[in-house]
Structure formats: structure tokens, C-alpha cells
Amino acid sequence: MSTLSQPAALRQRRRGRRATGALAGWLYALPTALFVLGLFLIPLALVVQMSASDWPLLGGNQGWNLPQNYSDAVSNRFFWDSVGFTLKYTVLTTVILLALSLGLALLVQESTRWKGLLRTSFLVPSALGLASASLLFYVLYSPIAGPFAGLMKSWGFTFLGTPEGALWSTIFLIVWRYAGFYMLLMLVGLQGIPDDVYEAARIDGASRWQTFRTITLPLLRPTLALTTVLCVTGSLLAFEQFYILTKGGPDNSTITIVQLIYNVAFQGQNDLGIAGALSVIVLLALIVINVAQIRAFNRKAED
Amino acid sequence: MSLTRTGAARAAAADPARDDSTRAIVAPHHARRGGGPGRRKHPTTIAGIALRTPYWVLTAALALLFLYPLIWTAVSSVSPLAGTNQTDGWGFGNYITLANYQAGVWVYLFNSVFVSLLTVALTLGVSLLGGYAFARFRFPGKDLLFLATLAILMVPYATLLIPLYVLLNTVGLSNSLVGVSLVLAMFQLPFSMFMMRISFESIPREMDEAAMVDGCSSWTVLWRVLVPAVKPGLITVGLFAFLAAWNDFMAPLILINDSNRMTLPLAISNLRGQVQGVVDYGATEAGVVVLALPCILLFLILQRHYVRGFMSGAFKG
């Protein structure tokens, strides 16, 4: 009798424990849930509502203003310029950073003390904040106090004085700050390529370039995909480097999309509705671009 | 095999304290590998040295290129230069200007330290409890909550800061360092939750089950058994939260209006002034040194954790 009821009782006890387990689990996850809800999901909903409302910076929600915000956002006189500039900056930064960081990774992948030292020197800038790095380069590029001040005077140029100069000077700063970070990701990817593939290539008498093109690059595809997505997303959202180095200048030539959102919300226009509309556009565009990138990399992988 | 390669490698293996972490984590596999581009054995003959010289020159030049801006800034912050306060020889004039800037650098330093420590504390607390919940418990909505946490990564920072500005205003946290810390901790959650979840999952369940059988509650198990075991994960999470909070520019820029509550990066960027030509370059340099020094020191001390953090970041995608 008791032998028959025992499994049932055990099952019941286990069920009871699982129920308290669920309760305990929820209690441990509660702070996470509060953070995600209060500081992420609600603001996310709020930005959508904002984008559909007449919402001056001071004064709060003044009611719906639906198509107007979006048409105002798109017809802002800097909108298309900032889209164009941000895309140009993103393409240049991504191509240069990925090529350079892969090169650096190949240079230092072997394990010796000298290469460890090199890796550390390439990585040190990535410990700096983007704002600190931008301030550092602001002084470095200065025509008064920078190390190239004399050179600039005698050759008659400034780093940040022309639109092209400002763009390339900023790209140089970003490459300096992020090359080590991407190099590290590349090293992790290189580490995942099995040794015997290289061994086989060597036995077949493949040259270094052939090995790189037919083995390293294809097998590195997941890493290249990840770094591309990271780099593209980061560059599309560029703000600090331009805010500090160029303030959008010269001649409004370096206004990025995020800078435009900031300007619309807090500088002059003070319109959170239009800023919200711009934010929603950026959010949707980023999702589309990221999905497209992941699809493209996956399709290539299937070939 | 790697040990037989060079004397340097052998010395590094014999002296683990000097073995830097990048190598410790990233390199062993490469060292074992035979072929592949860029790794060919050079005999220690004159011809071998001649072959390696261009490589040494190239890499040394690259390393200098990366270190030069840092070294130049550190040196020129204490040396006489045009456009700086340092007119009469070497000294700390730039730092004194910085110290006396507006409310005084100590106020901004305090604000930065406060925001950084609070962000670290919040991030550690939430991700420790949350990581434990995600790794060890089953509860309704678990997968949804974890996905929502990771989704923070997909939403641009700037996009969220504007509604957060409005939201913090309505709950009375406008212009507040606590509000900034809450926001910064939220942005750290995807990485830190992911990190803590894998930290807990890498510990065998038998460890806490044994303690449970002995009558420990899950709370006691967490503190007595698991926290010591996930300490490396906690250090990584704390390091990243500190660096992110200490360096963050945009959240204080948008959420703080009161100049007495500005953090260091914001205050130093304001040194440049709004008008062209009144930039105090020397004080800016001093400020950059004050900003960068703790980060570089932490990086050098905790390099191993820094690299591990990047690597788990890499697997996330």
C-alpha cells in the first residue's frame, strides 16, 4: 500500500519544489525585470509615442501630431546630408578598420613575448573612453598646441579646417581607438581555424597568399560577419567623436544622424517629437541593415 | 611545443606573472599550429635575422604609432607648450588650472567616481541575481525576459536617451547622478547578464545540489558556494561597467543640466569653451591624463579579464 503511494507522494513533493523553484527564480530575476521594463521597454514605447506627438522639450506632450513629425524629420534641411555623410563615414571606417585589424592580427598571432607586447600596445587605446580619445586628438590636431602646429603653419593646412580633412582626421582617431579591439576579435576567429587545414595546404605546396585567400578568409567568415555588423552599427551611430572634434563643422559638413537627433532635441529646435521620429527612423533602418547584413553573410556561407 | 620555440617564450612560461593575458588566452593554439600565413620558422642565423629585420621595424613603427598620442599627451601636459598654461618650464601648471576650473575638478571627480561606483554596484547586483536565476531556475517568462535583456543591444543608445530624459524627469530623477547610474547600468545588462549566465552555467550543478541536500537555501548556496566560484566573471563584469560608466559622455550630456553635477568627461570637454580661440589646451591635456590614467592602469592590471570580456562578447553575435 505504502509502496504504491510513495511514487505519487514523491512526485508531488518534487512538483512542490519546482513551484517554489519558479517563485525563487522569479524573485532572483525581479531586479532584471524591473530594469528591463522601467529603463528599456517603457522608454522604447515612449519614443514611439513621442514620434507621433507634438512634444516640445519644455512643455510636455501637446497631443497627436502624426504625419507631421515624420515629414518634418525627413524635410529637415540637414536630414539627407547627414544620412549621406553617415553612410560615407560608415563605409570608409568599416573597410579601413576591418582590413587593418585583420592585418594586425596576422602580424601578432604567433606567441612570443615581443608579439604579446605588440598586442598590448595596440590594445591600450581601446581602454580609453571615446570622449577621452576625442579630446586627446582634439589637442593633437590643434594648430596652436599640437605636435604638428609648426608643420601646419609652414605648409598652411589644418586637420579639421576642411570637410575632407575633418572626415579623415576623425577616421584616423577611430582607427587608433578601435583597431586593437577588432584585432582581438580577429585573433579569436583565427584561433578557431583548425591547424590541420593549414598543414594540408602546406603539404600541397600552397603559397602564403593562396593559403590566406582560400583558407583563412573563408574560414574567418563568421568573425568577419560579426566584426562588420559591430563596426557598421557603431559607425552609423557615431556621435561623440564628431561632437568633440568638429561640432558638426566645418560648414555643417560632419553632421551625423545622431548629432542631428541631438541638435533637434536639445539645440535650438528643442522638439522631442521630431527627434523621436528621427529616432524611430534610425531604429528601423538599423534593424533592416543588420538583418540584410546577416542574410548576406549567411547566403555566402551556403554557396 | 611552443616552449621550445624561443627563449623568450620559455622565459615567459617560467615566469607566469609576466605572461600577459592576451597571449595566455589567445595564443596557445597558434603556438601549436604548424603552417599558415605569417608564421614560418626563422633559424637564428645571420640570414634569419636579416629576414626578420623588416618585420621588427614595421611592427615597432606600428606600436609607436599606437602609443605616440598617449605618450605625447602625458609628456606635454607637464611641459611648456604654446596654448597652454605652462609658460615657465616643466611643472603642473596645467593640472592646477584644471583643478581650479569652474566648480573645481574635485567636484567633477567626485561625480564621476560616484556614478562609476554606483553603476558597478547596480550592474553586479542585478546581473549576479539575474544570472543565477537564468542559469539555475525554471520560471514562466524566463526566455522572454532573457531575450528582452539582450534586445537592449539592438537599440541605439541615442534613441533611448531622449525618452529616458523625459521618463527620469517625471519620476523626479532629472539632473541626478543616480538617474545616470541607473541608465548606465541598464545599458551594461546585456553583456553582464550574458557573462554571469555562462559563469554560473560553467559551474557543475552538483556543487549547489550537494549544498541544497545539506539543507542550505538557494540564497545561502548563492552566497556561500557560488559567489566565490563566479568571482572571475564578476571581476570582468565590474571592470566593463566601471570603464563604461567612467568614460560615458552621452548619458550625462543629455541627462545632466546642472553644471555642479557634470561628470569628468563632460566638464573637460567644456574646457574648450563655446567660443573659438579660448581653448585651454594645457588643461584639456591634463584632463585627458586624469581621465585615461585609471583606465589604462585597470586595463594593464586586469588585462586577462578585459580580453575574456571581449571574447565572450565575440561569441554573443
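The side chains of Lys115(A) and Glu110(A) meet in a salt bridge, with an N to O distance of 3.0 Å. The model is predicted, and the predictor assigns the complex an ipTM of 0.88 and a pTM of 0.86. Across all chains, a search of the whole structure identifies five salt bridges.

**Salt bridges**

- In the pair of chain A, Lys115(A) counts as buried because its relative accessible area is 8%, under the 20% limit. Glu110(A) is likewise buried, at 11% relative accessibility.
- In chain B, Arg136(B) and Asp208(B) form a salt bridge through their side chains (2.7 Å, N to O). This pair links distant parts of the chain, 72 residues apart: Arg136(B) belongs to helix 6 (residues 105-136) of chain B, and Asp208(B) to helix 10 (residues 205-213) of chain B.
- Arg136(B) is buried, with a relative accessible area of 13%, and Asp208(B) is buried at 6% relative accessibility.
- A salt bridge also joins the side chains of Arg197(B) and Glu201(B) (3.2 Å, N to O). Both residues lie in helix 9 (residues 177-201) of chain B, four residues apart, which is about one turn of the helix.
- Arg197(B) is buried, with a relative accessible area of 17%, whereas Glu201(B) is partly exposed at 43%.

**Chain A: surface patch and annotated domain**

- Leu23(A), Trp26(A), Leu27(A), Leu30(A) and Leu34(A) make a nonpolar surface patch of about 500 Å².
- Leu30(A), one of these residues, is located in helix 1 (residues 2-51) of chain A. Its relative accessible area of 38% makes Leu30(A) partly exposed.
- An unreviewed UniProt entry places the feature "domain: ABC transmembrane type-1" at residues 83-293 of chain A. Over this span the chain is 75% helix and 0% strand, and the end C-alpha atoms are 18 Å apart.

**Chain B: overall composition and annotated spans**

- Chain B contains 16 helices and zero strands. Of its 317 residues, 54% count as buried.
- Among contacts in chain B between residues at least 6 apart in sequence, 74% join residues at least 24 apart.
- The accessible surface of chain B is about 14100 Å², and 67% of this area belongs to carbon and sulfur atoms.
- For "transmembrane region", the unreviewed UniProt entry lists several spans of chain B, including residues 105-132 and 178-200.
- Residues 105-132 of chain B are 100% helix and 0% strand, with end C-alpha atoms 40 Å apart. Residues 178-200 of chain B are also 100% helix and 0% strand, and their end C-alpha atoms lie 29 Å apart.

**Confidence in chain B**

- The mean pLDDT of chain B is 81, and 80% of its residues reach 70 or more. Over residues 1-40 of chain B, however, the pLDDT is below 50; this stretch has 90 contacts in the model beyond near neighbours in sequence.

Note on methods
Residues numbered from 1 in each chain as written. Chains lettered and ligands numbered in written order. Heavy atoms only, no water. pLDDT = per-residue confidence, 0-100. Contact = heavy atoms within 4.5 Å. UniProt positions renumbered as here; feature names shortened; annotations may be inferred. Helix = DSSP H or I, 4+ residues; strand = E, 2+ residues; numbered from the N terminus. Patch = residues over 30% accessible without salt bridge, like charges linked within 9 Å, V, L, I, M, F, W, Y side chains within 5 Å. Areas by Shrake-Rupley, 256 points an atom, 1.4 Å probe, with all protein chains shown as cover. Salt bridge = Lys/Arg side-chain N within 4 Å of Asp/Glu carboxyl O. Buried < 20%, exposed > 50% of the residue type's maximum accessible area, 1.4 Å probe, protein only.
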